[in-house]
Amino acid sequence: MFAWLAACSPGANEQGKARPVTLHLFTWSDYTEESVVKEFERRFGVKVVTDTFGSNEELLAKLQGGAAGYDVVVPSDYMVSILIKQGLLAELDHAKIPNLAHVYKHLKGLYYDPQNTYSLPYLWGTTGIGYNADLVKPPPESWQALWDARYKGKISLLNDEREVFGMALRAAGESLNATQPAKLEAAKARLMAQKALVKTYTSENYDQLLVSGEVALAHGWSGTVLRAADERPSIKYVIPKEGGTIWQDNLCVLKSSAHKDEAMAFINFLLEPQVAALITSKVKYASASEEARLFVPKEIAQNPAIYPPASVVARLEWIKDVGEAIKLYDRAWTELKVK
Ligand code: N2P
């Protein structure tokens, strides 16, 4: 090889000594515990740079737009299916991820990746309503609370097309994976009617809106609402009686990653029981690691809003890849957002 080429090749400096690798992690906002990342950097001599997204569709758009350079990404269930179909994910070498042994059996091999060839379970949770019990009386039991005109201007919804349509569909007793045009049209009409009550569609700062009191009811994810509740105890979380989403976010390596071994070492590290426990204690989402639950504080391990009992899980539904019908969702979502 020409000398100048060797000098420029990644991972080597002019003395031919390995340059520290930098791993690029692309994950959900507020999903990482800084001390854990620091510990990985210290132990493995690898630097981690984190970038965040607010929805699975944002992740997909960035990857399809050729966002090069990410190594580890954290898609939810249905988005794993889509990324596999698009050929964006690398096969994982389970031999390099022994902490997989600690993951709950029932969280492995789910519909979107039956052999966990491309994805390993990381954190999971639910979608419901965060509300301020000082402002919302009686406590909401139904998604209809998000259509209650008394809370006009004090309602936020997730900025997430599958979650928002899923919620509107479940509110009407439909599956959140409905694909019939008439059902989506009806859901869109209900969401249009609701729009005058909605202050904002956000997936990234509704915890702060709840804490400040700007919002009284937030369509949101369990852990984020619970973090708001830590700051303001009148904030509660409920899964409405019509049921909602159960989701699992997964650790994946991109096929385009130049650092697959380090990426798998990082995934293995995140699934180390004590590390996973620290992450769950901070972000308030349930860890996929069964072993980790032994290391999280009792208030978290026994909190039914974080680890919902089977009776609650029974009325929850997974979002699935709806194939071509996604075009109907995309169009309806765009119309909802622009009108
Ligand atoms: C936390 C995001 C929760 C992930 N900011 C929802 N899948």
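1. Let me start with the cavities: there are three of 30 Å³ or more in the structure. A cavity here is a set of points on a 1 Å grid, over the protein atoms alone, where a 1.4 Å probe fits but cannot get out, and its lining residues have an atom within 4 Å of a point. Grid points are joined across faces, edges and corners, and a volume is the space filled by probe spheres set on the points. Please keep in mind that this is a predicted model, in which local features need pLDDT of at least 70 and side-chain atom pairs count only at pLDDT 80 or more, while totals for chains, interfaces and linings use all residues. Residues are numbered from 1 along each chain as its sequence is written, and side-chain values use heavy atoms, with hydrogens and water left out.

2. The largest cavity has a volume of about 240 Å³. It is lined by 23 residues, and W28, W221, W247, D249 and Y285 are the closest to its centre. Two or more lining residues come from each of α4 (77–85), α8 (222–231) and β9 (246–253); helices (H or I, at least four residues) and strands (E, at least two) are DSSP runs, numbered from the N terminus. By class, the lining of this cavity has eight nonpolar, seven polar and eight charged residues. In this scheme Ala, Val, Leu, Ile, Met, Phe, Trp, Tyr, Cys and Pro count as nonpolar, Asp, Glu, Lys and Arg as charged, and the others, Gly among them, as polar.

3. The domain bounds come from an automatic or database domain assignment. Taken over C-alpha atoms, the centres of the two domains are 27 Å apart. Their contact (heavy atoms within 4.5 Å) takes 24 residues from domain 1 and 24 residues from domain 2.

4. Now to the pockets, each an open set of points with protein on both sides within 12 Å along at least five of seven lines. The largest pocket holds about 290 Å³ of space. Of its 15 lining residues, L60, I82, Q86, D321 and I326 lie nearest its centre. Helices α3 (56–64), α4 and α13 (326–338) each supply at least two residues of this lining, which divides into six nonpolar, three polar and six charged residues.

5. At least two lining residues come from each of α8, β8 (235–238) and α11 (298–301). Seven residues of this lining are nonpolar, one is polar and four are charged. Both domains give residues to the lining, so the second largest pocket lies between them.

6. For helix packing, have a look at α5 (residues 161–171) and α6 (residues 181–194), whose axes come within 9 Å and cross at roughly 100°. Axes are lines fitted to C-alpha atoms, for helices over the stretch in contact, and angles run from 0 to 180 degrees between N-to-C directions. The two helices are therefore roughly perpendicular to each other, a term for angles of 65 to 115 degrees. Among the residues in contact are V164, F165 and M167 of α5 and L184, A187 and L191 of α6.

7. Two backbone details deserve a glance. The peptide bond from K137 to P138 is cis, with omega near -10°, and P138 sits in the loop between β4 (120–132) and β5 (155–157). D30, in the loop between β1 (22–28) and α2 (34–44), has a positive phi, near 55°.

Notes
Angles under 35 degrees count as roughly parallel, over 145 as roughly antiparallel, 65 to 115 as roughly perpendicular and the rest as oblique.
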